[in-house]
Amino acid sequence: MRPTVPLIRRLDADDLAEAYELSRLAFGSAPSTAPPSRDPRPGVTGYGAFDPDGRLVGKAIDLHHEQWWTGRRVAAADVAGVAVLPEARGRGVALALLRELLAGARERGAAISALYPTVTGPYRRAGWEVAGALRAVDLPTVSLPRHRPAPGLTVRPGGPADLDATADLYQRLARHRRGLLTRRGGVFDWHRPPTALPDGVDGLSLVERDGRLVGYASWQRGRGYDQHAVLTVRDVLAETAEAARELVGVLASWQSVTPTIRLWPLAHDAVAAQLPLEQARQHEERLWMHRPVDVVRAISDRGWPGYVRGRVDFALADELAPWNSGTWRLEVDGGAAELHRLPDDAPAPKLSVRGFALLYSGAADGAAVAEAGLLHCPAGTDPIGLDLLAAGPRADLLDYF
């Protein structure tokens, strides 16, 4: 293959078979006998890198997600399916793809981006930084507590007709947090049969009060009933401690046939507060990374803690998304914030885009970002001022993509 700068363009229907094969090779998927669908998927933009012979040598996917950030929906360009042919690796193909993806995402209005890396180094060079982890844990079913039923609560099995109610409950719980997907629009609405549970879900367990859903668990039964059997709980969410105790009790009732419960706990929520997490064994951990797509939108579009008020200046360097580079003033007041551009020679701490990602997501404070070499303050300047950018709880993700 001749070393040259690849042509980067959006994938179209004629590219899908080649893109599927590239993904299959990169991620070790089994061959499929069915041809890839040529129907465009809503909420998905694919980018391809092509060599001079027109061969696809790399690809990346922009998922048009929304994330909740303190009561506001923020448009995201969540990245998936980044793959490069082995013969083209080490030639800047992935970096060129990500540069084009960020420019296209900004054009369509995205503010932020998240991804799950197979390796962190290339994404750090592109401005993403590790901000958290999606963890699955295994709990001995026998260890789950069981309580007397709470008065006024009804527990029942659910079905497809209850999916809208579970989606509404998820929204009520997710909207005040930071980073959780809204699970609406685009890929989440694509071809979902109205009379079936989602793929990978065998059942729903519902908790209601006066006909209103206050908690639910969605689960997959798995195989067998011996010591290796596992009940995989995709979601287990409740908006009251009483509802959480009922759900944990339902899961505990599986102990005779599934000795292990596998779930993805949401930090510090009503259900996690009922679980014997000291007995949890980690099943898997998937790091996730964050970066801004457009810093002005990232600041203005999200919600901020209403009790926070302040102002701080910083200079930002972003090689892959140069529209983010410059000297900025952040002003936060009354649950909202704005970013104003200052003259480039204005004195300010110098923040890398990776440092911005850590602060914005609440993964680190100014002192820690400075210690990591991602923030450089003028002599006599305290990095604590950049804690304003980190105001609020740490961001979470609960969905893998």
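The model is a predicted one. Five strands build an open sheet with mixed pairing, and helix 7 packs on that sheet. The second largest pocket holds about 360 Å³ of space, and a search of the whole structure finds three cavities of 30 Å³ or more.

**The five-strand sheet**

- The strands of this open sheet follow the order 16-15-14-17-18, and their pairing is mixed.
- Strand 16 (336-342) and strand 18 (375-376) stand at the edges; each has a single partner strand, so one side of each is left without a neighbour in the sheet.
- Strand 14, which covers residues 310-317, pairs with strand 15, which covers residues 326-333, in the antiparallel sense over seven bridges.
- Within this part of the sheet, A315 has T327 of strand 15 as its bridge partner.
- Helix 7, formed by residues 353-360, packs on the sheet and touches both strand 14 and strand 17 (350-352).
- The direction of helix 7 makes about 85° with that of strand 17.

**The second largest pocket**

- This pocket contains about 360 Å³ of space, and 18 residues line it.
- Of the lining residues, A133, R135, P265, A267 and D396 lie nearest the centre of the pocket.
- Strand 6 (residues 129-140) supplies the largest share of the lining, namely five residues.
- By residue class, the lining of the pocket consists of 13 nonpolar, two polar and three charged residues.

**Residue T232**

- T232 is located in strand 11, which spans residues 230-238.
- The relative accessibility of T232 is 11%, and because buried means under 20%, T232 counts as buried.
- Leaving aside residues up to four places away in sequence, T232 touches S218, W219, Q220, R262 and W264.

**The second largest cavity**

- Three cavities of 30 Å³ or more are found in a search of the whole structure; about 60 Å³ of space lies in the second largest cavity.
- The lining of the second largest cavity includes G43 together with L63, H64, H65 and E66.
- The lining of this cavity also includes T182, R183, R184, G185, G186, V187 and F188.
- Three nonpolar, six polar and three charged residues make up the lining of the second largest cavity.

Definitions and conventions:
Residues numbered from 1 in each chain as written. Predicted model: local features only at pLDDT ≥ 70, side-chain atom pairs only at ≥ 80, totals over all residues. Heavy atoms only, no water. Pairing = 2+ DSSP bridges. Helix = DSSP H or I, 4+ residues; strand = E, 2+ residues; numbered from the N terminus. Contact = heavy atoms within 4.5 Å. Axes fitted to C-alpha atoms, helices over the stretch in contact; angles between N-to-C directions. 1 Å grid on protein atoms, 1.4 Å probe; cavity = no way out; pocket = protein on both sides within 12 Å on 5 of 7 lines; lining within 4 Å. Points joined across faces, edges and corners; volume = space filled by probe spheres on them. Nonpolar A, V, L, I, M, F, W, Y, C, P; charged D, E, K, R; others polar. Buried < 20%, exposed > 50% of the residue type's maximum accessible area, 1.4 Å probe, protein only.
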